[in-house]
Amino acid sequence: MTEPLSPSIYNMASYNPSLIPGIEKVLIIGSGGLSIGQAGEFDYSGSQAIKALKEANKFTILINPNIATNQTSKLLADKVYYLPVTPEYITYIIEKEKPDSILLTFGGQTALNCGIELHDSGVFNKYNIKVLGTPINTLKTSEDRDLFAKALNTINIPIAESIACNSIEDSLIAANKIHYPVIVRAAFALGGLGSGFASNDIELKQLASQSLSLSPQILVEKSLKGWKEVEYEVVRDNAGNCITVCNMENFDPLGVHTGDSIVLAPSQTLSDEEFHMLRSAAIKIINHLGVVGECNVQYALSPNSLDYRVIEVNARLSRSSALASKATGYPLAYTAAKIALGYNLPELPNPITKTTVANFEPSLDYIVCKIPKWDLSKFQHVDKHIGSSMKSVGEVMAIGRNYEEAFQKALRQIDPSILGFQPSNEFGSNLDNALKYPTDRRPFAIAQALIVENYSIEKLHELTHIDNWFLFKLENLSKMYKYLQTLTFKDLNHEILLKSKKLGFSDKQIVTLIKKDTTQLNELHIREKRKSFNIIPFVKKIDTLAAEFPANTNYLYTTYNATKNDVSFDDNGIMVLGSGVYRIGSSVEFDWCAVNTVKTLREQNLKTIMINYNPETVSTDFDEVDKLYFEELSFERVLDIYEIENSKGCVISMGGQLPQNIALKLYETDIVNILGTSPVDIDNAENRHKFSSILDSIKVDQPAWNELTSLESAKSFANKVQYPVLIRPSYVLSGAAMNVVYNDKDLIEKLTMASDISPDHPVVMTKFIENAYEIDVDAVAYKGSVLVHAISEHVENAGIHSGDATLMLPPQRLSTTLQATLKTVADKVAKAFNITGPFNMQIIHDPHSTNGNNCKVIECNIRASRSFPFVSKVLGVNFIDIAVKAFLGEKYIPKPVDLMQDKKYDYVGTKVPQFSFTRLAGADPFLGVEMASTGEVAAFGKNLIESYWTAIQSTINFHVPLPGDGILLGGDEFSFNSLADIVSIISKLGYKLFVTNDKIKEALKFYSNGVDINILNFPINDKKAIRELFQNNNIKSVYNLTKSRANSIDDVNYLMRRNAIDFGISLFNEPNTAILFTKALKEKIQEKLTTLNSLQATIPEEVRSWDEFVNI
């Protein structure tokens, strides 16, 4: 350990660092839309980098189309461009802004790949751009599997036997030379994209075919499945000072991608010899490669010897970097940005002590546990097994003083329905299989084996290859679980309660496990009893100096494994509840809301407390708040902290649905002062019966609906209102929870095969209005009066989840009269629910109705919505700032303003969803009423065409088809009119047109302007043949429009959609956006071709910064 004994020269009068000369204007490359493998961690690292550069008085330019992020906010970068993160658009910005330097390592794999391409094409040389931090050659060496292997061989560092391949044939030769089983890894890919295990030639052909469509090179490598996986985060400066900031160990053995693995920090099962062997190797590797800044080294370590292999080095900030930063309190991204400017580690202050140097290695007196969050149940046909390619959409991080405490906390953080380490009978007779071949449900399979089936540790280890140390710890939980099941409430004495709390059992978990007598018990009874024994959690600081030196930090956690608190509680700060784990439906947009809430509170000189447990977020950055609790967002923990801190109030409306779910319960304690709308009114809006009655009373229309408890009553209602209807089962057995059904046959199938309908499991059915416009109204009110509102119009018709919809702001098809009607509805709803703070309404408008201004409210969320960052940044008015001022009272609130009617806009903002279907093998890329997107991007333009054109190109790996390319068209008979509209335009632009059957050809040939439409015979279940079909016909875009998702994986429409995704081809699977893109092609493709082929540097019209569009 490098001891932090000397004071930092940063604090001395003689401080004069030798920085890289000529650096004044820095371009930072962001990561774009959140996707599986590249998520919110890059918002955190990019924000840290901008802070570091601004401290050094550098002018910062950011390119990032992710409008939901904190880094694209007003007070960070000097210039923000919402443009595609591609070499093409980065070049335009370089030409326009003339930066002198660029940062490539803070935007994930996307930024890194762009940087390498720009370097190789001579752009950096042409414009004299300095690459700050790790040199390009080092980045290329770490990314190119062949160069990497050669580099490590020269310093005698062992790597897995591997051969770089550029074709399927080469990969087969390599595998037979190395011997099966092998793992295939794609070069220049993020999150293990395109990787997988193969045991024979057939498996390898399928895998290599897909991998080579996503990457120019693959590595065929000897499989080390079953070895331990260990990771080191390393920082190195320009002078060669090198430290390992954090080492982490995977709970799962090698074979599961580290992003999909449970991870512990620091490592728990390594011997001192193993720890120092790998630490020394990491430093040797980083010095040899010449990394400048931060990187991580991943190892495979034999469980039976000191044998190890290096898996890979990420010479950039990564998901693990964010986790390591939060696990240790060491700001890796901030430090890496400072090093990129030329600072050295001994010159930088230690962020924890503030008085010693950053050139130290943290030493932890606590355990951190990370568990991934999957949302695989939202998708049909998806493979739920986890392996070498990442599938999780988010992750949680828990801190405890022992493994059991941290592990149980983390399990609960994944989802409120999980009480901790608990068994599940879902596996039946397939339990051994579930243990041997891991899925997203693995922890519950282990619990079932230990708690219910009484498996031995030896048998569990044999099936899972998980280290015995971890399994023995889980056995401790199993024993306490079983013991609690033998007790009654009266049996719970001081010793039992304290022991269970030290092992991480929650009050709710305990009350669920104990024997019940006639008394109705709930978690509050357990709470009262433990408090009577004075069993309350202690608050500890993140002390990365293991108490050897004073740690001055506001970064806190709670534990029962302590004897005193580390901090005083005299601030009485306002508590803000964060969003928790990122998942489909709740992502970085709610972190933006939480961070902006805290900023406004601090601007009013109010002390702030943040509770959140997501390591990817900016809200869990300790310099954002006065006190940060890295803790559960459960009723129990929030109430604990509120009482300990004697907080003035609690904000529950900024973190999405998770804080909202506990709002009423907190309110009913009479302890917690909920700021904003009363939870009673929030509950009235969440309860469908109460909500409907209130809408009727204020004469606001809604679609016909009913709650039904039998199949016959469901059929009767559907026929009464006339199909189609939207069904929401309360108990789902498989597949998507919500569906639009068009007839009795579909209804019977959905309510008998896929779900249960009974008095215990009612189904909500709503009349579904076809071809209706859907509209989002985001607003802020004070005591029932609207202060500000925004009307965003969906491009897609109603029936596509609002989170998957393309939003236009200001609206493009809504009359001023209709917009006035929408404002009236907002006024009525705000008054009826006495709203103070943010709210969102989803409304449908039927343009074909005889009543031209008819509006039907689908739902109202009395909280910030996912579109709040979008509307705030497009309109140049921070809705969260206004909402927080509404919480604080009348003297703070601004005058009401109608941003829709009183202001004119000469631009359009368009928000487009970012999907991650590439990651979800087998999932049908069909859009419907269940949300599927993992993120969003947005762009501005002088009109809808321009803004959509830019926004769609901002989605990851989107490629614009060029004239001469092939376009494949398909769908069902319901889509023929839309396909005809598309063909009538696209046939004039020089594309080759293909379909899959005679019926579609016949329907479209009258619209093709004489252009041939060719039929392709689509192979079933032959990936290689499909790939050749796409390649031989140069298919660069697929339009597939169907009314409903496929029932079978042999369905040609499913195969078209799925293979477009698998081979990285742009897919349009919804009629309105397909037509909009086709119109954009017509208007913009010639300009794009001219620009790309021009010898002069030509900058397209859409290349304007945020402040050039919006008055911010």
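Let me start with the second largest cavity: its lining has 3 nonpolar, 7 polar and 5 charged residues. For those classes, Ala, Val, Leu, Ile, Met, Phe, Trp, Tyr, Cys and Pro count as nonpolar, Asp, Glu, Lys and Arg as charged, and the others, Gly among them, as polar. A cavity here is a set of points, on a 1 Å grid over the protein atoms alone, where a 1.4 Å probe fits but cannot get out, and a lining residue has an atom within 4 Å of a point. Grid points are joined across faces, edges and corners, and the volume is the space filled by probe spheres set on the points.

This cavity holds about 90 Å³ of space. Of its 15 lining residues, the closest to the centre are Glu-589, Met-931, Thr-934, Gly-935 and Glu-936. Two elements, β32 (908-914) and β33 (935-941), each give two or more residues to the lining. Helices (H or I, at least four residues) and strands (E, at least two) are DSSP runs, numbered from the N terminus. The count of cavities of 30 Å³ or more comes to 18.

Before I go on, a word on the source: this is a predicted model, where local features need pLDDT of at least 70 and side-chain atom pairs count only at pLDDT 80 or more, while totals for chains, interfaces and linings use all residues. Residues are numbered from 1 along each chain as its sequence is written, and side-chain values use heavy atoms, with hydrogens and water left out.

Next, helix α14, residues 442-452. Is it buried or exposed? 10 of its 11 residues are buried, so the helix is largely enclosed by the rest of the structure. Buried means under 20% relative accessible area, with a 1.4 Å probe and protein chains only. Among the buried residues are Arg-442, Phe-444 and Gln-448. They pack against α12 (403-414), α13 (431-436), α15 (457-464) and α16 (468-484). After α14 comes Asn-454, whose phi is positive, near 55°.

Now the whole protein. It has 36 helices and 38 strands. The radius of gyration, taken over C-alpha atoms, is 29 Å, close to the 32 Å that the globule rule gives for 1112 residues, so the protein is as compact as a globular protein of that length. That rule is 2.2 Å times the number of residues to the power 0.38. Of the 1112 residues, 65% count as buried. The C-alpha trace spans about 80 × 70 × 65 Å along its principal axes.

Notes:
On a 1 Å grid over the protein atoms alone, a cavity is a set of points where a 1.4 Å probe fits but cannot get out, and a pocket is an open set with protein on both sides within 12 Å along at least five of seven lines; lining residues have an atom within 4 Å of a point. Buried means under 20% relative accessible area, exposed over 50%, partly exposed in between (1.4 Å probe, protein chains only). Contact means heavy atoms within 4.5 Å.
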